[in-house]
Amino acid sequence: MSSEAGQQHPLGIYYKIWILLFVLSGFSYAVDYFHVEGGLRWFLVITFMFLKAGFITAIFMHVVWERLALVLTILVPPVALLFLIGFMTVEGNYTEGTRYQYRGDDPTLMPLSPSDIHGGGHSEEAAH
Amino acid sequence: MSETAAIQGTPEGVEGLVEDWASDKQTYNVPWGKAMMWIFLVSDTFIFTCFLTGYLNVRLTTTEPWPLQTEIFALTLFGQSIPLVLIAIMTFILITSSGSMALAVNFGYRRDKQKTFWLMVVTAILGASFVGMQAFEWTKLIVDEGIRPWGNPYGAAQFGSVFFMVTGFHGLHVTGGVIYLLIVATKVRKGHYDKKGYEIVEIAGLYWHFVDLVWVFIFAFFYLL
């Protein structure tokens with residue numbers, strides 16, 4: 001069905017995607033709530049992120065039902081951004097390396113948490 | 001209406017793609033407003049990705065430790081510190097508003113003015129409450145946690161600049177979207193689109209879903225990782 005007649009679809013698919021987005025957001029939040037760390041955290045957060053983004057674009061924004069000419073106009077230009085992200089990652093890692101190597105910055109520094117600053121006003125477990 | 005008949009005869013897929021570009025005619029079979037909205041959204045994607053890439057670069061290059069987002073954005077509810085709870089609520093609110101907007105678009109094409117109007121109003125109210133929570137979050141961060149664009153007590157100074165710029169720009173988009181939705185909703189109720197058709201609701205919906213889409217990325221990269 002081309003969009004000339006308007007994007008008319010049964011309501012059921014919207015309800016299903018809606019619930020799915022809720023569940024996926026719940027999963028993302030659960031990753032943080034249950035303190036999943038390291039590589040698994042990155043993998044899960046990014047997987048849920050792309051699934052959510054995909055469903056919003058495909059169904060809510062009707063991209064799956066558009067003609068290929070419009071779909072490619074929307075999806076191809078952002079590919080350039082992947083190159084930008086790739087280049088900036090490489091260059092960022094390099095800059096960080098030179099800062100440790102030539103400026104002697106301490107790589108073992110840890111960030112402070114609100115309980116360190118407020119002296120336990122914010123959370124129970126602050127025994128510092 | 002003769003255009004519709006012509007389009008139904010054209011092939012789909014790659015063959016359709018070639019035909020759409022090669023034939024001596026309008027390339028995109030969508031109302032011009034929709035094509036323009038998509039072009040705007042693609043350019044907005046570039047703006048937000050530049051912000052997020054700037055964040056990536058700054059976070060990689062700084063040798064100071066990055067503040068712990070989970071703890072900074074925790075909120076004490078019922079005497080218990082719950083990590084990221086406000087952000088989670090904001091995420092669910094934005095998804096709910098995206099869903100109600102999708103329904104508004106659908107009822108628009110069914111020419112159900114009442115339902116379209118009220119669903120758009122619900123969407124706008126949810127959007128406004130999102131902005132309200134963001135204002136609350138900013139206040140808490142600035143007043144209680146002492147986070148400034150030029151520094152904060154927890155670690156890398158860049159945390160504040162990135163946070164205020166990215167969430168601020170997104171909040172501006174939400175605010176603009178709320179105003180846009182309310183204008184279109186009022187015009188729907190007054191029957192301004194009875195003759196023109198209800199594509200305008202879908203176009204407004206595209207913008208609103210995009211705002212939700214950007215939040216998905218901000219939620220993942222800024223708050224969770």
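Tutor: Let us begin with two helices of chain B, H7 (residues 158-190) and H8 (residues 199-224), whose axes come within 10 Å and cross at roughly 160°. Helices here are DSSP runs of H or I with at least four residues, strands are runs of E with at least two, and both are numbered from the N terminus. The axes are lines fitted to C-alpha atoms, for helices over the stretch in contact, and the angles run from 0 to 180 degrees between N-to-C directions. Because of that crossing angle, H7(B) is roughly antiparallel to H8(B), where angles over 145 degrees count as roughly antiparallel, under 35 as roughly parallel, 65 to 115 as roughly perpendicular and the rest as oblique.

Please keep in mind that this is a predicted model, in which local features need pLDDT of at least 70 and side-chain atom pairs count only at pLDDT 80 or more, while totals for chains, interfaces and linings use all residues. Residues are numbered from 1 along each chain as its sequence is written, and chains are lettered from A and ligands numbered from 1 in the order in which they are written.

Turning to the residues that meet, H7(B) contributes, among them, B:His170, B:His173, B:Gly177 and B:Tyr180, and H8(B) contributes residues including B:Tyr207, B:Trp208, B:Val211 and B:Trp215; two residues are in contact if their C-beta atoms, placed from the backbone, lie within 7 Å. By class, this contact of H7(B) with H8(B) has 16 nonpolar, 4 polar and no charged residues, where Ala, Val, Leu, Ile, Met, Phe, Trp, Tyr, Cys and Pro count as nonpolar, Asp, Glu, Lys and Arg as charged, and the others, Gly among them, as polar.

Within helix H7 of chain B we find B:Gly177, which counts as buried because it has 24 C-beta neighbours inside 10 Å. The cut-offs are 20 or more other C-beta atoms within 10 Å for buried, 12 or fewer for exposed, and partly exposed in between. Leaving aside residues up to four places away in sequence, B:Gly177 touches B:Gly127, B:Tyr207, B:Trp208 and B:Val211. Although B:Thr123 is 54 residues away from B:Gly177 along the chain, their C-alpha atoms are separated by 9.8 Å.

For another buried residue of chain B, consider B:Leu84, which has 23 C-beta neighbours inside 10 Å and lies in the loop between strand S2 (80-82) and helix H5 (85-109). The phi of B:Leu84 is near 55°, a positive value in a residue other than glycine.
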